[in-house]
Amino acid sequence: MTRSLSDTECAVLGLLTFGERSGYELDRLARRSIGYFWRPAKSRIYAILPRLVERGFAESSTVEQATRPDKQLYRLTPLGSGVLREWLDADEPVRGVSRDGLLLKLFFGANADAGALRQQVAERKRLAEEQLAELEQIERTIDRDLDFFPYLTLLHGLEDARSTIVWAGQALEALERRWQETGDRARA
């Protein structure tokens, strides 16, 4: 049955295991948890939820609010829980092509302004350092026993941020050496 569900739909089912939530709350939860490695757009979450309800994988209820529009709360059904379990237990690995615009630009970098590329690599390094600081803060506060499986993804995030910082530093040094050797004066 999960063959007809996208990985993002399964991710939303997984987020619903943390309890009943509105679309807005699911987006916030995604940003704070799986958002470091799987970030569905808010509009995608809102589009997925009614389909999950229609297929019986989730239920919704309306909560009236005095000063705001009514909100829809979604919760996982036993059928949705079973479908999620089927997806989690499936032998086939989740496959996807990593799309990284900076790597694409670097690949074609011989045609680029050297200073612009250097700036972009430096920005990637800065963002990785910022992400590492956020993840290290989470690591200091996470209960490794209670949140064992999220902790495993945190370990990946920490190493990914660290490796990005190392790679960006190496790339910046290599770019500098290349520009010195070729006499390219367009560097930053």
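What follows is a talk about the labels used for this chain.

Mentor: First, the ground rules: this is a predicted model, where local features need pLDDT of at least 70, side-chain atom pairs count only at pLDDT 80 or more, and totals for chains, interfaces and linings use all residues. Residues are numbered from 1 along each chain as its sequence is written, and side-chain values use heavy atoms, with hydrogens and water left out.

Trainee: What makes up the secondary structure of the chain?
Mentor: Seven helices and two strands, in the order α-α-α-β-β-α-α-α-α from the N terminus. Helices (H or I, at least four residues) and strands (E, at least two) are DSSP runs, numbered from the N terminus.

Trainee: How does the radius of gyration of the chain compare with a compact globule of 188 residues?
Mentor: The chain has 21 Å, whereas such a globule would be near 16 Å. The radius is taken over C-alpha atoms, and the globule rule is 2.2 Å times the number of residues to the power 0.38. The C-alpha atoms fill a box of roughly 65 × 40 × 35 Å along the principal axes.

Trainee: Why is T8 called buried?
Mentor: Buried means under 20% relative accessible area (exposed is over 50%, partly exposed in between, with a 1.4 Å probe and protein chains only). T8 has 13%, so T8 is buried. Across the chain, 29% of the 188 residues count as buried.

Trainee: What does T8 touch, leaving aside neighbours within four places in sequence?
Mentor: W38, P40, R44 and I48, where contact means heavy atoms within 4.5 Å. T8 itself is in helix α1 (residues 7–16).

Trainee: Why are α1 and α3 called roughly perpendicular?
Mentor: Their axes are 10 Å apart and at about 80 degrees. Angles of 65 to 115 degrees count as roughly perpendicular, under 35 as roughly parallel, over 145 as roughly antiparallel and the rest as oblique. So α1 and α3 are roughly perpendicular. In that contact, T8, E9, V12 and L13 of α1 meet R44, I45, I48, L49, R51 and L52 of α3.

Trainee: And what makes α6 and α7 roughly antiparallel?
Mentor: The axes of α6 (residues 114–141) and α7 (residues 148–182) cross at roughly 155 degrees, coming within 9 Å. The angle falls in the over 145 class, so the pair is roughly antiparallel. Axes are lines fitted to C-alpha atoms, for helices over the stretch in contact, and angles run from 0 to 180 degrees between N-to-C directions.
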